[in-house]
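Here are my notes for our chat about this model. Please keep the structure open as you read.

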Amino acid sequence: MQEPKAQTDTKTWQAFQSGDRTAFENLLNQYYPALLNYGNRLVRNSDFAQDCLQDFFIDLWNRRESLDTPHSVKAYLISSYRRRLFKEKDRSFWHKNVTDLEDEHDIEVQFNIESYLIKNEIEHQTLVQLKSHLATLSKRQREALYLRFYQELEYDEISKIMTINHHSAVNLVYEALRLLRKNWVMSTVISFLMTL
């Protein structure tokens, strides 16, 4: 029987804390791509995001013995990397090239919707409509959706990452989904009426 992911992550984390380089490489291989993707969506400057992420992992290795074992390794890494991006933006010369990384930063939500649409041979227009509807959401709503559905995080983890309470995290996702449904239905009705 396979171990649950959280237990495997915890064992890898504890091995990393005790200086196991293979465990550290496993963390890097597992989380580096997702963290870089997240950072690129937050700052839209891939060099800055990558430099911050590399520094983040170097710092993580150097501080490994003083770190606690987090409840969720994934949520801890996302939250810590997000804080690092904010901190580096404030004190780095790169900030001139980084577009508005503030509490209301801009994040593109793409999920795996594109591959789903391609597999199901749905018209390109549907994808354009969906992207358009996503663009109508607030930046915080897009980030909450990204963390909930793309990163598959729980609401408690989202609330810690975004430094909001649990109820606010639930509300952001709920309201974003409600608006997407409403806009989707409205555009479908309008499209149908236009064909008459």
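1. Ground rules. This is a predicted model, in which local features need pLDDT of at least 70 and side-chain atom pairs count only at pLDDT 80 or more, while totals for chains, interfaces and linings use all residues. Residues are numbered from 1 along each chain as its sequence is written, and side-chain values use heavy atoms, with hydrogens and water left out.

2. Fold. The protein has 9 helices and 0 strands, so the order from the N terminus reads α-α-α-α-α-α-α-α-α, where helices (H or I, at least four residues) and strands (E, at least two) are DSSP runs numbered from the N terminus. Contact here means heavy atoms within 4.5 Å. Among contacts with a separation of 6 or more, 69% join residues 24 or more positions apart.

3. Burial and surface. Of the 196 residues, 40% count as buried; that label means under 20% relative accessible area, with exposed over 50% and partly exposed in between (1.4 Å probe, protein chains only). The exposed surface comes to about 11800 Å², and carbon and sulfur atoms supply 52% of it. These areas come from the Shrake-Rupley method with a 1.4 Å probe, and for residues only the protein chains shown count as cover.

4. Largest pocket. Its volume is about 470 Å³. Of the 20 lining residues, His71, Ser72, Val73, Ala75 and Glu157 are the closest to its centre. Helix H1 (5-17), helix H4 (73-91) and helix H8 (155-161) each give two or more residues to the lining, and H4 gives the most, with 5 residues. By class, the lining holds 7 nonpolar, 5 polar and 8 charged residues. For the classes, Ala, Val, Leu, Ile, Met, Phe, Trp, Tyr, Cys and Pro count as nonpolar, Asp, Glu, Lys and Arg as charged, and the others, Gly among them, as polar.

5. How the spaces are found. On a 1 Å grid over the protein atoms alone, a pocket is an open set of points with protein on both sides within 12 Å along at least five of seven lines, a cavity is a set where a 1.4 Å probe fits but cannot get out, and lining residues have an atom within 4 Å of a point. Grid points are joined across faces, edges and corners, and a volume is the space filled by probe spheres set on the points.

6. Cavity. A search of the whole structure finds 1 cavity of 30 Å³ or more, and the largest cavity holds about 30 Å³ of space. Its lining is made by Tyr31, Ala34, Leu35, Lys74, Leu77, Ile78 and Gln151, with helix H2 (21-43) and H4 each supplying at least two residues. By class, that lining has 5 nonpolar, 1 polar and 1 charged residues.

7. Two residues of H4. Ser79 lies in this helix and is buried, with a relative accessible area of 9%. Leaving aside neighbours within four places in sequence, Ser79 is in contact with Lys160 and Ile161. The side chain of Ser79 also makes a polar contact with the side chain of Arg83 (2.9 Å); a polar contact is a pair of N or O atoms within 3.5 Å, where within protein one must be able to donate a hydrogen and the other to accept it, and residues adjacent in sequence count only if both atoms are side-chain atoms. Arg84, likewise in H4, is buried at 13% relative accessible area. With neighbours within four places in sequence left aside, Arg84 is in contact with Cys52, Asp55, Phe56 and Asp59.

8. Positive phi. Please look at two loop residues here. Thr163, in the loop between H8 and helix H9 (166-195), has a positive phi of about 50 degrees although it is not a glycine. Thr163 is exposed, with a relative accessible area of 62%. Thr163 and Ser79 are 84 residues apart in sequence and 9.1 Å apart in space, C-alpha to C-alpha.

9. Asn45. This residue sits in the loop between H2 and helix H3 (46-62) and is buried, with a relative accessible area of 13%. A polar atom of the Asn45 side chain lies 3.1 Å from the backbone nitrogen of Phe48.
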